[in-house]
Amino acid sequence: MSLDLKNAIQSGKTVLGIELGSTRIKAVLIGEDSVPIASGSHNWENSYVNNIWTYSEEDIWKGVQESYQKMANDVKKRYGVTLQSVGALGFSAMMHGYMAFDKEGDLLVPFRTWRNNITDQASKELTELFNYHIPQRWSIAHLYQTILNQEEHIANISFQTTLAGYIHWKLTGQKVLGVGDASGVFPIDLNTKNYNQKMIDQFNEFIAPNNLPWNLEDILPKVLIAGENAGVLTEEGAKLLDVTGELRGGIPLCPPEGDAGTGMVATNSVAKRTGNVSAGTSVFAMVVLEKELSKVYTEIDLVTTPTGNLVAMSHSNNCSSDLNAWVGLFDEFSKAMGMEVDRNKLFGTLYNMALQGDSDCGGLLAYGYLSGEHITHFEEGRPLFVRSSESNFNLANFMRVHLFTALGALKMGMDILLKQEEVKLDEILGHGGLFNTKGVGQSIMAAALNVPVSVMETAGEGGAWGIALLASYMLNKADNETLEEYLSHKVFAEKTGLTLSPDPKDVEGFEHFMKRYTKGLAIQRAAINAS
């Protein structure tokens, strides 16, 4: 055990980041060198209640408290001290969605997550109004859809925020958002690094006939930039976070951010001409642009880095869930045959089988659409596996097609950026569960995008580490030091990783698969219409 680390913990020189992902909440404590020194996590799942994908407030706080407690227990076990304070703290979470509160601070309707494709009319009308793509999962689309639906609660809205903004508000009393998270709530003006005032005025005028008792700017959180102070942990907030009562209040917090922004930070992809791809339950690729796109694309979202630079994002709702379900089936088979197989070995073996398959998956076709998919215009999903009598049906091709299709919708969006808009990318950095099996998800991603894909040793730390780095930047940055400089010089200077270039044969195979994927979308539509 390092005495320096023990002293850093006791003197409050560590930094804590907590991120609420779609299947896991993770807390990561980092030392003065930005390296994780303790962690804790809590697994959770969304619920489908009354046709809405949601998490209850009870589940949110149970998960946050448990991930914190496991991290604090990890500190006690490793270093023999009780965690009572940290130098800074930050929260991040899944972006977008809808959390609306009344003036008493009570949630008006259950949290509607990014996964809901229930705002099609609002998305289309707002995109036309602003001449700016407003995806279905954006908070403003959810808000306007409630108005279109004439839902009873809309007149009582006092505050609307994201999941990260909600946690931050309850712990600090501050109604704020980091600009990256805010860019998934409402379009950002790149000059002011704030909500686009012209569009806010347009929206207020647009909804004026409804005679609501609020204007949009009255109910949205204040926008902050990375490095700014976003308040301090209150004594009540400390008790809410740490149910044992050991944690003290007064800790400064960085602006709450979305998982897109923390993914950029965790992969050092905040500078222009850099990109990263996060692949887990959903998959999204982000490219920091040098200039605005030539036109509006419904398949491409425009968000920002935590410092307010423009980012093009191709986001697919579905990635690994159906793939994981198939691996689970093989796990069941193993147990039925009396074989206890380590789950990591099972994933590794099956994923590596995919590399032995035919370059185009032997004519197989699959769709892992557990939920709707906006890039391909589906409001709901039906997971499918399809083959013809001529297909080369074997285990290698079966696994390969499920890895390929996990990236199918993403590729359609990225082709717009890389082929139509001719955006230049030297490499893209990968992180998330799809990359856990060394080399497999990485080579499939390289084939899909036809770009070298790098995975850093730290990629597994993910967004919780990313928000901890943002909190550390707020606490430790030098005068006029940019986030890009801080990350490159103080965090990633000596970090190593593995880079895989695309194999031309795999690239060609993926293109052949995509023709089948695009043509086969009619099968997905028929499945939805039939059940």
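I took buried to mean under 20% relative accessible area, exposed over 50%, and partly exposed in between, with a 1.4 Å probe and protein chains only. The model is predicted, so I noted that local features need pLDDT of at least 70, side-chain atom pairs count only at pLDDT 80 or more, and totals for chains, interfaces and linings use all residues. Residues are numbered from 1 along each chain as its sequence is written, and side-chain values use heavy atoms, without hydrogens and water.

Entry one: Leu-220. I found Leu-220 in the loop between α8 (216–219) and β12 (222–224); helices (H or I, at least four residues) and strands (E, at least two) are DSSP runs numbered from the N terminus. Is Leu-220 buried or exposed? Leu-220 counts as buried because its relative accessibility is 11%. Leaving out residues up to four places away in sequence, I listed its contacts (heavy atoms within 4.5 Å): Leu-220 touches Phe-159, Gln-160, Val-185, Phe-186 and Tyr-195.

Entry two: Phe-159. I looked up its ring next, counting rings of Phe, Tyr and Trp (its six-membered ring) as paired if their centres lie within 6.5 Å, with planes under 30 degrees apart stacked, over 60 edge-to-face and the rest tilted. The count is 27 aromatic pairs. One of them joins Phe-159 and Trp-169 edge-to-face, at 5.0 Å centre to centre and 75° between the planes. Phe-159 lies in strand β8 (residues 159–161) and Trp-169 in helix α5 (residues 163–172), so the pair ties together parts ten residues apart in sequence. Both Phe-159 and Trp-169 are buried.
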